[in-house]
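Student: Could we go through this model together? I'd like to start with the sheet and then move on to the charged side chains.

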Amino acid sequence: MTSPQRLPEASRLRATQWPMVLGLTLLWMLLWGTPTPANIVTGVLVALLVVLVFPLPPIEKQARPHPLGIARFTARFALDLVVSSWRVNRYLLAPSRPRCAVLGVTMRCPGDLMLTVTAVCVTAVPGSTVLEVDRRSGTLYLHVMGGELEDERDRARRDALRLETRVVRAFGTRADIDAIRASQSAQELFGRWR
């Protein structure tokens, strides 16, 4: 793995991330509670100091909101919550204990933002929890309820990949959407792989 490049001291101020400075200034204002001119000026100075002393890598444009994709994602996510809640209730009310499984699901868009949003959404759906994320391979390790049968484990994998597809179509870049399409085309051509 290569180490991040350090910016020359003169260019650090130019590379300052102004949204971060604004956010830190707002946080400073919330901490002090009153928006006086002195608090605003000291907030900006403290924010600049923090950004210059602890520089972050540049923020990449990893998301593009797609209104139709967001509407589809929201509607389907609400339906997923209802269906998964029903499944969890069925498992809990059954006379025997539900069998659980830990599954590794390799995502097709392993970028940090898409991986994070997908992991949060998978965890928000009842009956599944992300135990670990492997950034290098883009794999989510899920704990799912009802993983006794192979069909149930396959369903959990498909659900996670479908959720990733909806996340990417709602917030992904053109490259992310193309990666999803290429994966779906390959799956249609060669069949599903594990």
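Student: In what order do the strands of the sheet come?
Tutor: The three strands form an open antiparallel sheet in the order E1-E3-E2, where strands are DSSP runs of at least two E residues and helices runs of at least four H or I residues, numbered from the N terminus, and two strands pair if DSSP finds at least two bridges between them. Strand E1 (100–106) and strand E2 (128–134) stand at the edges with a single partner strand each, so one side of each has no neighbour in the sheet.

Student: How many bridges join E1 and E3?
Tutor: E1 pairs with strand E3 (residues 139–145) over seven bridges, and glycine 104 has tyrosine 141 in E3 as its bridge partner.

Student: What should I know about the source?
Tutor: This is a predicted model, in which local features need pLDDT of at least 70, side-chain atom pairs count only at pLDDT 80 or more, and totals for chains, interfaces and linings use all residues. Residues are numbered from 1 along each chain as its sequence is written, and side-chain values use heavy atoms, leaving out hydrogens and water.

Student: New topic: which residues does the salt-bridge network link?
Tutor: Arg87, Arg155, Asp159 and Arg162 are linked in it, a salt bridge being a side-chain nitrogen of Lys or Arg within 4 Å of a carboxyl oxygen of Asp or Glu.

Student: And is arginine 87 buried or exposed?
Tutor: Arginine 87 is buried, at 19% relative accessible area, whereas aspartate 159 is partly exposed at 28%; buried means under 20%, exposed over 50% and partly exposed in between, with a 1.4 Å probe and protein chains only.
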